[in-house]
Amino acid sequence: MNIIIVGCGKVGQKLAEQLSQEKIHNITVLDTRYNVIQDLINQFDIMGVVGSCTDIDVLAEAGVKDANILIAVTGSDELNLLTCLMAKKTGNCQTIARVRRPEYSKELHIFKEDLGLAMIINPEQTAAAEMARILRAPSAIQIDTFAKGRAEIIKFKIGEKSPLEDVRIADIIKKIDSDILVCGVERGEDAFIPGGDFILRRGDLVSIVATLKSGVDFFKKIGFNTNRVRDTIIVGGGDTAYYLAKILLATGVKVKLVEKNEQRCEELCSKLPKATIINGDGTDNNLLLEEGLEYAQSFVSMTNIDEENILLSLYAKSKMEGKVITKVNRVSYDDVIDGLDLGSVIYPKNITADHIVKFVRAMNNSIGNNIETMHVILGGNAEALEFRIRENSKVTGIPLSEIKLKSNTLIACINRSGNIILPRGRDTIEVDDTVIVVTTNHGFNDIKDILE
């Protein structure tokens, strides 16, 4: 497909990186900054145009008349919406706009309909939804859903005295007696798609495939908390905090929100009448202890300063047993940050890019691609892809034990008419199934790409 990315900030750069790796798209990036465009051209071997996205001649130079998709992710909501409108008028492409301001949230359906947008994404709202999902299963570090919500890939950490420590992958089912499948392990800077002889160690980050029921059963048997949190302390009163508090309050979770700006506190009090809004400095340890940090079931640090969020989460981990979530805006030091014990780390910019890439994949699916869903897992080192099996091929009707897969590739799950199968060697793939494949390889677009 021909794709134009307008705005080359962190989200735009992440989109250029992920989409260029697929090697099936013609990508053009557009920004007013010459040096940013040059860096992206050199790094990802894509096309670039320098200029204003509201200039029809610049859009024409970027190829808007032949584009399949235009993605507007500049720092201005209004600019993104205007660019999408111009693209629809001058070309005939599908358009995606990033819209962040909460006051627009109620009118998004109007924008989408009147401007003919294919997708609108709000990074703060999307990040908040991700956090709320993690708080639903506090033992998990990351949860990704497949098969229309019937299957999940859940990441967790092996701690001290875990029954999984020093256990071979092949022995887990016999020892724990739960229907799950280990699809990935992160150990330090290394990521593995393990075979049956792989031995788990303390400190490993393990990703499993499970149904909702089997996941809960598995975590209960290894001694993890499987109950949804009943209360939380949020530090920082920005838009993401507002969206998260709104979601949690709607599900019956008690929310204390700490914000040092008095005017913002007044706004939050009117918008979130059921929450406890505290006007104070969230980095004040005494304040957090007075508000019951030691007894809280969860803690979320989301000030506008990454360093503050990291230190707050480290402090919270030292004082409480509950779930900790850390919001990080900059992704430059993600390798270092992921090495710290910060609980679940949320990168709103990465989440935004991932959601847009999933949508692009779905569009590509309608013109011949067979990918239904895609998630980036194992700290960005692997992809979990859900393929729709539309016809008989070299992978159908054959026991999985007889299929020769490419290295670092695993068939992790089969969805057959809503029945979730965690596959073993004798299972087969059939027409109309959806199949989840986990791989460290890039560029898979069809189920046949998994073959050696």
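Reader: What makes β7 and β8 a pair of strands?

Author: In this predicted model, β7 and β8 (residues 151–157) are joined by 5 bridges in the antiparallel sense. Pairing requires at least two bridges between two strands, so β7 and β8 qualify as a pair. Among the residues concerned, isoleucine 143 has isoleucine 154 in β8 as its bridge partner.

Reader: Which helices are said to lie on these strands, and at what angles?

Author: Helix α6 (residues 123–136) lies across β7 and β8, at about 100° to β7. Helix α8 (residues 212–221) packs on the sheet and touches β8 and β11 (205–211), with its direction at about 135° to that of β11.

Reader: What is the order of the open sheet with antiparallel pairing, and which are its edge strands?

Author: The 5 strands follow the order β7-β8-β11-β9-β10. The edge strands are β7 (142–146) and β10 (190–192), each of which pairs on one side only. From one strand to the next, the twist averages 20°.

Reader: Why are β3 and β6 said to stand at the edges of the sheet with parallel pairing?

Author: That open sheet has 6 strands in the order β3-β2-β1-β4-β5-β6. Both β3 (47–50) and β6 (119–121) have a single partner strand, so one side of each lacks a neighbour in the sheet. The twist there averages 15° from one strand to the next. Helix α2 (residues 34–44) lies across β2 (26–31) and β3, and runs at about 175° to β3.

Reader: How do you know that β5 and β6 are paired?

Author: Strand β5 (residues 94–98) runs parallel to β6 and is joined to β6 by 3 bridges. The requirement is at least two bridges, so the two strands count as paired. In β6, isoleucine 120 is the bridge partner of alanine 97.

Reader: Why is asparagine 122 called buried?

Author: Asparagine 122 is located in the loop between β6 and α6. Its relative accessible area is 4%, and buried means under 20%; asparagine 122 is therefore classed as buried.

Reader: What makes the approach of asparagine 122 to tyrosine 243 a polar contact?

Author: The side chains of asparagine 122 and tyrosine 243 are joined at 3.1 Å, and the cut-off for a pair of N or O atoms is within 3.5 Å. The side chain of asparagine 122 also reaches the backbone nitrogen of glutamine 125 at 3.1 Å. Leaving aside residues up to four places away in sequence, asparagine 122 touches Val99, Arg100 and Tyr243.

Note on methods. Residues are numbered from 1 along each chain as its sequence is written. This is a predicted model: local features need pLDDT of at least 70, side-chain atom pairs count only at pLDDT 80 or more; totals for chains, interfaces and linings use all residues. Side-chain values use heavy atoms; hydrogens and water are left out. Helices (H or I, at least four residues) and strands (E, at least two) are DSSP runs, numbered from the N terminus. Axes are lines fitted to C-alpha atoms, for helices over the stretch in contact, and angles run from 0 to 180 degrees between N-to-C directions. Contact means heavy atoms within 4.5 Å. Buried means under 20% relative accessible area, exposed over 50%, partly exposed in between (1.4 Å probe, protein chains only). A polar contact is a pair of N or O atoms within 3.5 Å; within protein, one must be able to donate a hydrogen and the other to accept it, and residues adjacent in sequence count only if both atoms are side-chain atoms.
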